[in-house]
Amino acid sequence: MNNFWLVFKREYLFRIKNKWFWITTFMIPLGILLIYLIPILLISFGEQSKTKLLLLNSEKYLKEEQIKPQSKNLSVDKVEGSLDEAKSKVNKEDSDINALVDFDTINPEENNYNVKVLSKDTLSLGQETDIKIYLDSVLQQLKLQNENIPLDQAIRLNTPINPVFESLESSNPTANQAYVLAYGAGFIMYFILIYYGTNVMQSIQEEKRNRIVEILLTAINPMDLLFGKILGVISLGVTQILLWISFLIISIPVLSIIFRSEADQILTQNTGIIDQIKLISENLNLITFLPIFFIFLLLGVILYAGLFAIISVSVDNEADMQAFSGLAVIPIVIGFMMSLSIVMNPNTNLAIISSMIPFISPLTMIARIPFGVPIWQIILSMIILLISAIFAIWIASKIYKIGVLLYGEKLSWKHIKIIFNKQ
Amino acid sequence: MLKIINLSKNFGENKVLDNINFEVPEGTIFGLLGPNGAGKTTLLRIINRIYLANEGRILWKDIKISDEFIAKNTAYLPEERGLYPKMTVIDNIKYFAQIRGLKNDKNLDKKIREFMEDLSISDKNNVQLQKLSKGMQQKIQIIASLLHNPDLIMLDEPFSGLDPINSQKLKFILKDLAKKGKTVVFSSHRMEQVEELCQEIALINKGKVVLNGKVDQIKEKYKESVYYIKTKQNIDNIDINIKILEKLDNSIKFKLLENQDLNQTLRYFFDEYQILEFREIFPSIEEIFVKVVNKK
């Protein structure tokens, strides 16, 4: 036990003194922030492509004030005549028209509003979305007019409706909030499982490569050595998370003072996301969520650390280690993909079963928690995960002593048979 | 005394060590010899309880060795340097001393300082290990292994990769340890190093001990009536029936034929030449090894 603490202490102190720990501690949140911010900033400040439409024979249905687009990215022109004439106008070399909207393809009397849009070049997704929103609005008005509703009323009636979802109990988040939370938690879980799992693997590999393990094993029991190492790496992870939380608490007020005007602009333009984050922190009972999240995170990291340890002691070179660790990452990726689907349907049988499977439950159960999960399911999932984590470490420590001493050959069934019969 | 009794080890179907028996007296330097792949490293790992034997016993002072004994009373230096390359010298030494039970030793710093001064590396405390030469790293490893004052010291191929100067220094350290009553067991595939260092040896080949005992007794046993004579005059014709192994102007190395009398041969040389030097030539351990292995 005494040596367990020595291993733990060395693993923790050595890594915390390493410059890479501090580089990753600063760079990872910055990276995550950029992943989220870049699309928002691109939408907020980026130049959007302008689209010009040519409406063919729209006048028989729509008046001038009805065809005026709301979006500043869209402009329209009208033309009367045949489709061929309109096409040649669009295809002219100096033409700046992107697409032609052929109103001759609709027939309101027969309730056919499937208008055809013919583009000169391939349109971007953004352009297509702008055109779709514009035509949807214009044709909705036309539909209303066709039902003998006066023009001014038709324009007034054709405004989007945004329902506000709130839960009866303040501690329950709405589906949207739960989605944001589940996605965020899953992302953190995904990253941490891979990052610390591979850290344990590299640490074992280093001792194996330098033959340090031969000396360690003459003085330390393999279980103490492995547990000390895994808990050292996990404690480092906890330190890193605490540092990130501290940075977040300190940096938000500081950054908002420094970038007040930019922040205001982003906030006003992205009230949706900011409101959701604010509402989550107000509505969701984080006091319940966070401990559950941390327990699943801890057990998940122990399980994957055990799995990565098994890989590390079973192979003898960097290339094999990379290949096998790629395989070990697959369940994490599956769990993450499933969690994205679970947040859409959190209480299906598939969701319930997947949240009990140890290798993916840290991700799938966390995705379900914000939507409300019976307590027995959470406890059962934790117990299964705990047993699996202990089992993984037990297997790892069993093969550790013989596996780490295999130089130049891979761990085979022959060795495993020896290990479990008698070392 | 370290006793290895009827020790065997299998890896699956492969018998790596087959009924090994030998004894190492306390306070001596013992050489474990054999070609690469003979089973020396496996044997050292078994003595250190890194592997467990399939059969046999290992006793120290007639008591079966335990994990605790290994942790507290032995030192083991594997062939490659078993230290953390990115840690500083002092952190490495302290860590390995602590796992050997010196965690609460108030004199640890003093002991480290004395050792480092003895080996002339006291200025390397805060240097990262990987920045030091191989010889220097070996010194660090020796310090880290010996701080807990072990009785039994085991070294696997300690001379591999060392230059002649550092090899000499290591030999001096090992002799000094033996003088202080420590028992040193080391493996080597370079037999000439063993001759000048060890009092006793065990020769291992394909997992079996093919030769064991005191170096001088082994040499005595395997001597082949080979002699060397140096004369004042040039040696011309030799009118006696001997097997000449090497002949220079005024020296000759020869082997007696079967049942040939040494005195009669010597009388011939004394009569014919003025003798400056005469000695018997013993076979080297390497020659004995080759002979024994070929015979088997």
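What percentage of the 423 residues in chain A is made up of buried residues? In this predicted model, for which local features require pLDDT of at least 70 and side-chain atom pairs count only at pLDDT 80 or more, totals for chains, interfaces and linings use all residues. Residues are numbered from 1 along each chain as its sequence is written, while chains are lettered from A and ligands numbered from 1 in the order in which they are written. Buried residues account for 31% of the 423 residues in chain A. A residue is termed buried if 20 or more other C-beta atoms lie within 10 Å of its own, exposed if 12 or fewer do, and partly exposed in between, with C-beta atoms placed from the backbone.

Chain A contains 17 helices and 4 strands, where helices (H or I, at least four residues) and strands (E, at least two) are DSSP runs numbered from the N terminus. Contacts are assigned to two residues whose C-beta atoms, placed from the backbone, lie within 7 Å. Of the contacts in chain A between residues at least 6 apart in sequence, 71% join residues at least 24 apart.

Helix H7 of chain A, spanning residues 175–209, comprises 35 residues. The distance from its first C-alpha to its last is 50 Å, close to the 51 Å expected at 1.5 Å a residue; the expected span is 1.5 Å times one less than the number of residues. Within H7 of chain A lies A:Leu193, which counts as buried because 27 C-beta neighbours are found inside 10 Å. Apart from neighbours within four places in sequence, A:Leu193 is in contact with A:Gly300, A:Val301, A:Tyr304, A:Ile332 and A:Pro362. A:Leu193 and A:Phe308 are separated by 115 residues in sequence and by 10 Å in space, C-alpha to C-alpha. Just after H7(A), a positive phi of about 60 degrees is adopted by A:Arg211.

B:Asn149 counts as partly exposed, having 13 C-beta neighbours inside 10 Å.

The domain assignment of chain B gives domain 1 (2–215) and domain 2 (222–295); such bounds come from an automatic or database domain assignment. The centres of the two domains, taken over C-alpha atoms, are 40 Å apart. Contacts between the domains involve 10 residues of domain 1 and 7 residues of domain 2. On the side of domain 1 that touches domain 2, helix H7 (191–197), strand S9 (200–205) and strand S10 (208–214) of chain B each supply at least two residues. H7(B) gives the most, with 4 residues.

Strand pairing in chain B was assigned where DSSP finds at least two bridges between two strands. Strand S1 (residues 2–11) is joined to strand S4 (residues 55–60) by 5 bridges in an antiparallel arrangement, with B:Ile4 opposite B:Ile58. S1(B) also pairs with strand S2 (residues 14–24) in the antiparallel sense over 7 bridges, and B:Lys15 is the bridge partner of B:Asn10. S1(B) and S2(B) form a hairpin with 2 residues between them, and B:Gly12 in the turn has a positive phi of about 65 degrees.

Strand S11 (residues 226–231) and strand S13 (residues 251–255) of chain B run antiparallel and are joined by 5 bridges, and B:Tyr227 has B:Phe254 as its bridge partner in S13(B).

Between the chains, 19 residues of chain A are in contact with 22 residues of chain B. Helix H1 (2–17), helix H8 (212–219) and helix H17 (413–421) of chain A each supply at least two residues of the side that touches chain B, and H8(A) gives the most, with 7 residues.
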